[in-house]
Amino acid sequence: MVISSDDNKANAVVPRNCQGGGRNAGQNRRTLSVINQNLVQGRPYPCVVNKRALVSDKHEICEKKQADLGHRPITRRFAAKIAGSQQQSHAEKPKNSNPLNSKPNVFGKAIAVDDEHKTPGDQQPEPMTLEQTEPMHSDPDEMEEVEMEDIDGEGVLDIDGSDANNALAVVEYIEDLHSYYRKVECIGCVSPNYMEDQVDLNDRMRAILVDWLIEVHDKFDLMQETLFLTINLIDRFLAKQNIIRKKLQLVGLVAMLLACKYEEVSVPVVSDLIHISDKAYSRKELLQMEKLMLNTLQYNMSLPTAYVFMRRFLKAAQANKKLEMVAFFLVELSLVDYGMLKFPPSLVAAAAVYTAQCTVSGFKHWNKTCEWHTNYSEDQLSECAKMMVGLHQKAGTGKLTGAHRKYCSAKFSFTAKCEPACFLLENCES
């Protein structure tokens, strides 16, 4: 090995048999250094996943944004509501010596997540479609039967015709998928009276937890599917496992963590969940509850929620953005109400779309296309729709106003300010 003084300064000591010569190696090495420098100084490769700033590392940002939220911190409000609900507990249930608010709640910061500034480069591209040389249905009689199915003299629209060239819409299997969802949705349902088996909890405490989680879900800017799966996990777990009220908030946090792992791309870290609970629980307690919940539910998380049916039924209703917002506002109000558990998820979704149509249009509206794709008639939806209108009427009153505040914001087009469809109540009463 021969090393010159110039090469010693410019190049690393490398064997000739590996680099092909001292002088050439120096040139190659200098060329690589220029490339590396250009890569470091160049524009980074666009990343699909934009990680959010951790809440626990942004205390100063939280303090600056506290004044802009316009309401009390959600963690402090959760503990205060649970404390108030103890006075409304059933008389036959024993009092717990360690209620949820036995520990002073000094959490003075609301959840603050930096808004993600999306650039045109971060937008997802158009989904790829397969080029087809022949139509999906080669038989014209078959196409006519799909598009012009006749029920009581009124035609049923083919809502999937526009997606025939979209491979991601799985038009060939969509009907089979929803037929399967309807068969297995009962597995994810719980008894509407399961709270009677809980010794230290009542339906009011469940409502407080769900109302709080709606706000947490909004502050973390999570996907809509995550909220519905979170509530489903809570109800299925409480239906099988007795929990003291001191651990109820922990159950909600763990359910949201599991739902995020199932639905989200970027999952909130455990320290963030501990932070929003005012550090009422340790990391060890949260992970232990996670194991308990998964074992209790036998790791079964692939169950259809109301969200799955909502998307299909809104498509059948040819919903615009306003109708979609109203429907999701009504169904989130239904998540808080314990009495809505007596309805299966598909009926709740259909009733939300029906009530939203009546709310937006101002008259009863349920055509044959909606009835065909939901498998529910207007009469079958009347009871659930009546309850939704009642929830809409009192959404901004009382203490459980999380969903109302969420949909009163500009982000959701001030949807909660629309007038409820009170005429549905009058028709039901008559």
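In which helix does Thr369 lie? Thr369 belongs to helix H16, which covers residues 368-374. The structure described here is a predicted model.

**Thr369 and its surroundings**

- Thr369 has a relative accessible area of 5% and is therefore buried, since buried residues are those under 20%.
- A polar atom of the Thr369 side chain lies 3.2 Å from the backbone nitrogen of Leu157.
- Leaving aside residues up to four places away in sequence, Thr369 touches Gly155, Val156, Leu157, Ile159 and Ala316.

**Aromatic pairs: Tyr181 and Phe309**

- The model contains nine aromatic pairs.
- One of these is formed by Tyr181 and Phe309, whose ring centres are 6.4 Å apart.
- The planes of these two rings, Tyr181 and Phe309, stand at 80° to each other, so the pair counts as edge-to-face, the class for angles over 60 degrees.
- Tyr181 is part of helix H7 (residues 174-184) and Phe309 is part of helix H13 (residues 306-316), so their pairing ties together parts that lie 128 residues apart in sequence.
- Tyr181 is partly exposed, with a relative accessibility of 23%, whereas Phe309 is buried, with a relative accessible area of 1%.

**Aromatic pairs: Phe228 and Tyr307**

- Phe228 and Tyr307 also form an aromatic pair, with 6.0 Å from centre to centre.
- The angle between the planes of Phe228 and Tyr307 is 45°, and the pair is tilted.
- Phe228 lies in helix H9 (residues 224-238) and Tyr307 in helix H13, so this pair ties together parts that are 79 residues apart in sequence.
- Phe228 is buried at 3% relative accessibility, and Tyr307 is likewise buried at 13%.

**A cluster of rings**

- Tyr181, Phe309 and Phe313 are linked into a cluster by ring pairs.

**Helix H9**

- Helix H9, which holds Phe228, consists of 15 residues.
- From its first C-alpha to its last, H9 reaches 22 Å, close to the 21 Å expected at 1.5 Å a residue.
- H9 is mostly covered, as 14 of its 15 residues are buried.

Methods
Residues are numbered from 1 along each chain as its sequence is written. This is a predicted model: local features need pLDDT of at least 70, side-chain atom pairs count only at pLDDT 80 or more; totals for chains, interfaces and linings use all residues. Side-chain values use heavy atoms; hydrogens and water are left out. Rings of Phe, Tyr and Trp (its six-membered ring) pair if their centres lie within 6.5 Å; planes under 30 degrees apart count as stacked, over 60 as edge-to-face and the rest as tilted. Helices (H or I, at least four residues) and strands (E, at least two) are DSSP runs, numbered from the N terminus. Buried means under 20% relative accessible area, exposed over 50%, partly exposed in between (1.4 Å probe, protein chains only). A polar contact is a pair of N or O atoms within 3.5 Å; within protein, one must be able to donate a hydrogen and the other to accept it, and residues adjacent in sequence count only if both atoms are side-chain atoms. Contact means heavy atoms within 4.5 Å. The expected span of a helix is 1.5 Å times one less than its number of residues.
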